[in-house]
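Subject: Structure handover

Hello,

Here is the structure you will be taking over. My notes on it follow below.

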Amino acid sequence: MIEEFIRDALRWTDVSIFAYFVALNSSYLVLIVLAGLEFYRHLRRIPFAGADDMFRSPLTLPVSVIVPAYNEGPGIVAAVQAMTALRYPRYEVVVVDDGSSDDTFEQLRARFDLVEVPRVVPADVAYTSEVLSVHVARANPETLTVVRKTNGGKADALNVGINLARHPLICMVDADSVLDPDALLSVAKPFGDDPLRVAACGGVVRIANGCKVIGGRVVDVRMPKQWLVRIQVVEYLRAFLMGRTGWSRLGGLVVISGAFGVFRRDLVVRVGGMDEDTIGEDAELVVRLHHHLRETKEDYRVIFVAEPVSWSEAPSSLAVLGRQRRRWHRGIAEILSKHRRMILNPRYGRIGLVALPYYVVFELLAPFIELSALVLLPLGLWVDAVNLEFAWRFVLVAYGYGLLVSLAALFIEEVSFHRYPRWGDLARGMTAAILENFGYRQILAVWQVKGAFGAWHGRKAVWGTMDRTGFGTPDEPESDLVGAGSVPRVP
Amino acid sequence: MLELFTLAIEVLTAVVVLTATGIVAVRLYRRFKHRKQARLAAGPRRSLLAFVADNGEEGSHDLVAIPEDAWRAAEPHALALLGKLRGEAHMGLVSVFLRRGTARTALGHLRSRSRVKRARAAQVLGDLELRQAVPELCRLLTDRHAEVRVVAVRALGRIGDPAAAWRIIASLDRSDPIPSLLASHTLVQLGAEAEVTLSAALDHPQARVRAVCLDALGLLGATASVTRIARILKEDAHLDVRVAAANALGKLGTRSAIDPLSLALHISRPAALRAAAAKALGDIGSPNAVPVLEALLDDGAFHVAHEAAHALRRIGPAGLAALTGRGGNGHALEALALARVLREEKTAVPA
């Protein structure tokens, strides 16, 4: 009797898990189709988008680019050089050295001839560390500011940067990011087109590993050499480029990457700046903006632009990737827990009724379901709850659908932006879409579950270090190596 | 159930294979198309460059005679070239476009059902700087799609016909107006002849309209409007409009603006207005403003004190002397340090 009950329970659980996989992949497919429509719309409008007019206008809203840096010594000079050479009419770069123990500051001082200046730091948003000194570039004192502070974590560094930012728009960029020359223009443009409503705008982040970078510019896009990173390229295309564009079209974007996003400074100040207690401070800020603007019943938009892009180095070792994904999932768990009042609350519109519930069901819980499938399916086989015929079909359909979703993302990329021009890279991308189902997704699920448990059990968040290998093509030593160093840590 | 799974596997396999084939097919098609376009455009592009090199004096007949498919392939390049040219070469290339019927086609497309076609046509007419298109472009200012209205405004700015000023101003007075900064920039592009219209619009009941006109007047250097702008700075009911008035007075830079701006610094005024007024006094750069700005260095509002200190820095020796006299003040120290860096760089500011 009990055995029969267990068999029935396992059978139905396995069927439910299967239904979950179908629903999950279908939702991805819907987002990819929406992204495809959005790209079509975007590409048709390029001839009259008016980027040049915006560049020439004396009234274009100026931007403060805030770059938090922690132990970025080997790559910081190239990164800042690239950022100070962006195509934008009026902007400043504020580098916040978050107590680096390496030569990050010395590198900057030597290259940009920094001079120390007294500066009154307003307390528009709270920060916990101590500002040690403020420096400006001798040749360009109003364009480049470098702040030295005691280590307080990325969110704290960003808060100091927000306080020092002089312009109405703030752009948060990781110190290891390489921006396309027109990236700032594109991401700030929605603020000029719809100044009363646009509250924040995210830019797409692509993987720079393997690309040829010269003078702080990605000049030749290539697939990385390691399969671990190639799989991440496909993953970024599917989840970040397509997923976020789809959510933007639905009016439910809740994540703007800290690696590249522009915000209205007054709104960021109004909601209190970055949350230092959340490890996913970038997404948390966006959710908090939604929270605040919905409560105050303001008409606003949070949007995502798919081109041009910010290039970032992805982890090339399992250890670093594991730390990153634990951190990301912990961030999701913390944010959903902190803003749980919004979930399924009609007061928060489609954010409360669609986006956040989706994140609970298909982002937060997905690794749990995936791992439970890995355990329960063999268990069902063992106790004869399901037969082998069912099991192999189950696995094939679940992962086959996942493969289809990845290929659909590659198809849309090929139709729209086709950033990888080589036939070999195309083949590698398609192969990576197959390979990610064999081990990658499963180990990812383990890390994500650990990250979620870390958030729920209140364990101390650790950023850890990331040993960057740089973006340069190994056989071309003249290429700049941008992005060596470590990611900031939360104390 | 098993049959359903089997069917799903078969369907999935077919779709996966189709998608993979589609990726390859798309790439093959794009490469083929790209090569064909490049081949077609090569000749016209050479002719275009030769035409421009000759300052538009020779070769226009050759350009007009280019077959339609080849011209279509080279047209984006030709339009991009238009934006970079001035004088005779620009006029010559515009004349080629006109003789090829581009303007006529674009004018027809302004009434297309497709908003993308309307917007593209407006863009082309703006690139051609075609004055005859102004009435039609003005009509697009009431288009039901915001993106079309935005392109029409930009096109009107490029054409620069001051007759469009009042229509642009009117398009701001609607529930879904064109962006203010774009409107201001366009009004500036219309030139000094638009000043009278802009000045008259300062009495418009809509605060947004007044703010846009103030921005434009400031950038145009409309010194004849200083008295009217000073009145708005003093009397307007909207803070944003008064801030815009202070900014405009700063840009105009006349001495007659010092008194109204000084009055706007009074402690009873909102901090945003006082900060804007302090900044404007720095823009004017008159030593007469030093006493009022110096008094603001200890102001409780950060941005007021900050702007006052930097305004004193920009005023020059008299302002720097006032800052030096307030050695213990953080904002003064900050402004002095920046002045020092700038002086070292330019070696222009006297010690």
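What percentage of the 351 residues in chain B do buried residues make up? The figure is 42%, where a residue is buried if 20 or more other C-beta atoms, placed from the backbone, lie within 10 Å of its own, exposed if 12 or fewer do, and partly exposed in between.

Before the rest, two notes on conventions. This is a predicted model, in which local features need pLDDT of at least 70 and side-chain atom pairs count only at pLDDT 80 or more, while totals for chains, interfaces and linings use all residues. Residues are numbered from 1 along each chain as its sequence is written, and chains are lettered from A and ligands numbered from 1 in the order in which they are written.

Chain B

Chain B has 20 helices and zero strands; helices (H or I, at least four residues) and strands (E, at least two) are DSSP runs, numbered from the N terminus. Its radius of gyration is 29 Å, well over the 20 Å from the globule rule for 351 residues, so chain B is more spread out than a compact globule. That radius is taken over C-alpha atoms, and the rule is 2.2 Å times the number of residues to the power 0.38. Along the principal axes, the C-alpha atoms of chain B fill a box of roughly 80 × 70 × 50 Å. Of the contacts in chain B between residues at least 6 apart in sequence, 63% join residues at least 24 apart; two residues are in contact if their C-beta atoms, placed from the backbone, lie within 7 Å.

One helix to look at is α3(B), residues 68-84. At 1.5 Å a residue its 17 residues should span 24 Å, and its end C-alpha atoms are 24 Å apart, which agrees; the expected span is 1.5 Å times one less than the number of residues. The helix α3(B) bends by about 50° at B:Ala74, and the proline B:Pro76 follows within four residues. A bend is the angle between axes fitted to the seven residues ending at a residue and the seven starting there. Buried residues in α3(B) include B:Trp71 and B:Ala78, and B:Ala74 is also buried. Their cover includes α1 (2-53) and α4 (87-99) of chain B.

Chain A

Chain A comes to 14 helices and 12 strands. A compact globule of 491 residues would have a radius of gyration near 23 Å, and chain A has 23 Å, which agrees. Its C-alpha trace spans about 80 × 50 × 50 Å along the principal axes. Buried residues make up 54% of the 491 residues in chain A.

In α7(A), residues 227-250, the 24 residues should span 34 Å, and the end C-alpha atoms are 33 Å apart, which agrees. The helix α7(A) bends by about 30° at A:Tyr236. Since 18 of its 24 residues are buried, α7(A) is largely enclosed by the rest of the structure. After α7(A) comes A:Gly251, with a positive phi near 75°.

The contact between the chains

The contact takes 42 residues from chain A and 43 residues from chain B. On the side of chain A that touches chain B, the largest share, 15 residues, comes from α13(A). The residues of that side of chain A divide into 26 nonpolar (Ala, Val, Leu, Ile, Met, Phe, Trp, Tyr, Cys and Pro), five polar (the others, Gly among them) and 11 charged (Asp, Glu, Lys and Arg).

Regards
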